[in-house]
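Good morning, and thank you for coming.

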2 protein chains.
Amino acid sequence: MQLEEEIKQKKFKSEFQKLALNIIFTGNWLNSNSIKTFKPFGISPQQYNVLRILKGQHPEAISVNCIAERMLDKNSNASRLVDKLNTKGLIKRETCGHDRRQVDIAITEKGVKLLKAMETTSNEIDLKIKSNLTTDEAKQLNDFLDRIRD
Amino acid sequence: MQLEEEIKQKKFKSEFQKLALNIIFTGNWLNSNSIKTFKPFGISPQQYNVLRILKGQHPEAISVNCIAERMLDKNSNASRLVDKLNTKGLIKRETCGHDRRQVDIAITEKGVKLLKAMETTSNEIDLKIKSNLTTDEAKQLNDFLDRIRD
DNA sequence: ACCAATTAAATGTATATACATTTAATACTT
DNA sequence: AAGTATTAAATGTATATACATTTAATTGGT
C-alpha cells in the first residue's frame with residue numbers, strides 16, 4: 001500500500017521528505033512485525049539480534065562492547081540485553097582473563113537451539129519482502145539505503 | 001557507509017535478508033537523528049509527528065483516533081502524546097459536541113510558531129538524503145518501500 | 001612508579017512503548 | 001425502549017529506551 005494511504009497524507013513536500021517518512025514507517029512496520037513474530041519464543045527483536053551476533057561467533061565468546069558495535073540499534077543497552085538473555089540461560093558470561101574489565105559472552109546450547117527453532121519463523125519476513133521484489137531490485141534498494149546514510 | 005561495515009557483518013544470507021536489516025537500521029538511524037535534532041525544541045519525533053498532522057488541518061480540529069491513524073508509528077499512544085503536547089500548550093483539546101466520546105484536538109498558535117521555528121532544522125534530514133540521491137532515485141526507492149509492505 | 005586519562009561494563013532515572021483493561025458514550029438488535 | 005455490542009479515549013503496568021553517571025580496570029605520560 002502506498003505511504004499516502006497508510007498515513008492518510010495526500011501529498012508530500014518532496015520525494016525526499018516522503019522518503020524519510022517512508023523509511024521510518026517501513027522500519028516501524030518491520031519492527032512491529034518482528035515483535036509479534038518473536039513473542040511466542042519469549043524474546044524481543046533486540047535480544048534476537050544479540051543471539052544472532054553470538055551465533056555468528058559460536059563457539060567463540062565476544063565482549064559486550066563488540067556486541068554493541070554490531071547491533072542494528074546502536075542506542076540499545078547491550079549490557080542489559082545480555083543480562084536478560086543470561087537470566088533465560090540463552091547465553092553465558094565470563095570475566096575475560098587478560099582484561100578484567102571485559103566480559104566474554106557466548107551463546108549456550110539452549111540459545112543455539114532456540115535460534116534453530118525460530119529459523120522458519122524468522123525467514124517469514126524475508127520471504128514477504130522476496131515475494132514483492134526481485135533480487136536486483138532488493139540489491140538496488142540496499143545500495144540506495146547505504147548511500148542515504150553517507 | 002555499507003551496512004556490512006555499520007554492523008560489522010561480512011555477509012548476509014540473501015539480498016532480501018540484508019534489506020530487512022538495512023531498512024530497520026536506516027529507520028533507527030533516521031530516528032535517532034531526529035531525536036537529537038528535535039531535542040533543543042523540547043519535543044520528541046512522535047510529538048513532532050502529531051504537531052505536523054494537526055498543522056495540516058489547522059485551524060480545524062480532529063479526533064485523537066484520527067491522529068493515531070495518521071501517525072508513522074501505529075503503536076504509539078496518541079492519547080498520551082496529546083496529553084504531553086497539551087501540558088506544553090502546543091495543542092488544545094475540547095470534547096466534541098455531537099459525539100461526547102471524542103475529543104477534538106487542534107494546534108495552538110504557540111504550536112504553529114514552534115513548527116515554524118523548527119522548519120529549517122527539520123529540513124536538514126531531507127537535505128541530507130537529497131544530497132546523496134536524485135529525485136528519480138528517491139521516487140524509485142519510495143515505490144520499492146511501498147511494495148515491500150504489500 | 002605514580003597519577004591523570006581512558007576504557008568496559010553496569011547502573012540510575014526519566015521517559016517511551018507494547019499491550020491489556022477500564023470508563024464512558026453511542027449504536028445496534030429485537 | 002432495554003439490553004448488548006461497539007467505539008473513543010484514558011489509564012495501568014511491565015518492559016524498553018535515551019542518556020548521564022558510576023565503578024572498576026587498564027593505559028600512558030612524565
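I shall begin with the model itself, then turn to the chains, their interface and the DNA strands.

This is a predicted model, in which local features need a pLDDT of at least 70 and side-chain atom pairs count only at pLDDT 80 or more, while totals for chains, interfaces and linings use all residues. Residues are numbered from 1 along each chain as its sequence is written, and chains are lettered from A and ligands numbered from 1 in the order in which they are written.

Let me start with confidence. The pLDDT is the predictor's confidence in each residue, from 0 to 100. Chain A averages 90, and 100% of its residues score at least 70.

Now the fold of chain A. Helices (H or I, at least four residues) and strands (E, at least two) are DSSP runs, numbered from the N terminus. Chain A has seven helices and three strands, arranged along the sequence as α-α-α-β-α-α-β-β-α-α. Its C-alpha trace spans about 60 × 30 × 30 Å along the principal axes.

A residue is called buried if 20 or more other C-beta atoms lie within 10 Å of its own, exposed if 12 or fewer, and partly exposed in between, with C-beta atoms placed from the backbone. Of the 150 residues in chain A, 33% are buried. A:Leu21, in helix α2 of chain A, is an example: it counts as buried because it has 22 C-beta neighbours inside 10 Å. Two residues are in contact if their C-beta atoms, placed from the backbone, lie within 7 Å. Setting aside residues up to four places away in sequence, A:Leu21 touches A:Leu3 and B:Leu72.

At the interface, 49 residues of chain B are in contact with 49 residues of chain A. On the chain B side, helices α2, α4, α6 and α7 each give two or more residues, and α2(B) provides the largest share, with 18. Because 100% of the interface residues of chain B are also interface residues in chain A, the copies meet through the same surface.

A residue is near a strand if its C-beta atom, placed from the backbone, lies within 6 Å of it. Around DNA strand C there are 24 residues, of which A:Ser63, A:Asn65, A:Ser79, B:Asn75 and B:Arg100 come nearest. Helices α2, α4 and α5 of chain A and α5 of chain B each give two or more residues to that surface. Around DNA strand D there are also 24 residues, and A:Asn75, A:Arg100, B:Ser63, B:Asn65 and B:Ser79 come nearest. Here, α5 of chain A and α2, α4 and α5 of chain B each supply at least two residues.
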